[in-house]
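Hi,

Here is the structure I promised to pass on.

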Amino acid sequence: MTPASRRWLIRAGGAGLLGYAIAVPWLVDTYTTSVFARTLVLALVGVSVALLTGLAGLPTLGQTGPFAAGAYASALVAMHVSSVGVVQVLTGALAGGLFALLTVPLVVYARGVVVLMITLAIGELTVTAASRWSSVTGGTDGLAGIPPIQPVWGMAALDGDRARYLYTLVVVGVVIAAMVMVLRTPAGLLLRASRDDEGRMRASGHRVTGYLAVAFTAAGAVAGVAGSLLVTAQQYVSPADFGFDVSALLLLGVVIGGATSIGGAIAGTALVIAVRDWLSGLLPGHAPLLLGGLFVLTAYLFPRGVAGFATDVASLLRSRSGMRNGGAVRAGHAIRDGDRDGYGHPDRPSPAGVGATTPPARGSEADA
């Protein structure tokens, strides 16, 4: 497969997935459409987890913290200030980023399992605070009666599951596209280098802690946007939306999909949600068993996740294509060299060393 055909195949696959995502509301019922909308929301939180875990080297179980901050801030704005979607998305991003910024000193100076435990504590404390701050969050009952939003000023309110799903799809697509563009700049390279060899980066004069602080804050803003979209998708928010099971589900999806890949994080999150919400219907009450089996199977078959497996397949196809093309090039070079030396000319037969066989001379040992 040539590089051009490979690029065409990738683009065609991406266009097909995008077309299917757009057509989903017309292919399934309203309940499934709402489930897909919530899947998109959790996939965006999974992308923020992948940004920290795979690209920055900070494994996290606490992205439900900025996720909850963005959701509650957007819900309060929707109920008391504005029903415009742009305002709510910006509010969620600001709330999530501010929440992450306030917890930066607790996280960026730690590494490994310590980060995992700190972020887990942050997430659990956030859920506890949301459960007890009844005057603001509604306590364990949550906030209900959130009015439908207008995407922008002057547009009609989104009053159906199909419209809410399409709005969520557009916002998630814009945020992910912006993240991919930023990660392809030198900022993304610095973040990956800090993850791979922090000591060398510090010795070179780079402020690794500052890079990690910016990444942590940006990931919090992305999770906050997801929180605002959660309010849009279900028009209700409660502490149950941000519990430990959600944190574990997100990290599991990122690990299964591939921690260093944005697309892998989306695919892995969607896969674990499908197993939890649909496949577990075949075995009621056994969702944890199915998720555990999925994790073990993926870890055994795809150690680097689904995205890593896809990369390995692409590298294998590339190497085989290169071997075939390289063999043809070497053969062409040999033919040209032979023509230049005159070996291919009928009046000058090739010597035995090149591969041709010359008849033995008359009267030699071969005649005896």
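Tyrosine 72 and phenylalanine 242 are both buried, meaning under 20% relative accessible area with a 1.4 Å probe and protein chains only. Phenylalanine 67 is buried too.

Before going on: this is a predicted model, where local features need pLDDT of at least 70 and side-chain atom pairs count only at pLDDT 80 or more, while totals for chains, interfaces and linings use all residues. Numbering runs from 1 along each chain as its sequence is written, and side-chain values use heavy atoms, with hydrogens and water left out.

Back to the rings. Phe67, Tyr72 and Phe242 are linked into a cluster by ring pairs (centres within 6.5 Å; planes under 30 degrees apart are stacked, over 60 edge-to-face, the rest tilted). Two aromatic pairs turn up by this rule. Phenylalanine 67 with phenylalanine 242 is edge-to-face, at 5.1 Å centre to centre and 85 degrees between the planes. Phenylalanine 67 sits in helix α3 and phenylalanine 242 in the loop between α10 (208-234) and α11 (244-257), so this pair ties together parts 175 residues apart in sequence. Tyrosine 72 with phenylalanine 242 is tilted, at 6.0 Å and 50 degrees.

And what does α3 do next to α4? The axes of α3 (residues 64-80) and α4 (residues 85-107) come within 8 Å and cross at roughly 140 degrees (lines fitted to C-alpha atoms over the stretch in contact, angles from 0 to 180 degrees between N-to-C directions; helices are DSSP runs, H or I, of at least four residues). Among the residues that meet are Ala69 and Ala73 in α3 and Thr91 and Phe99 in α4, with contact taken as heavy atoms within 4.5 Å.

Cheers

Conventions
Helix = DSSP H or I, 4+ residues; strand = E, 2+ residues; numbered from the N terminus. Buried < 20%, exposed > 50% of the residue type's maximum accessible area, 1.4 Å probe, protein only.
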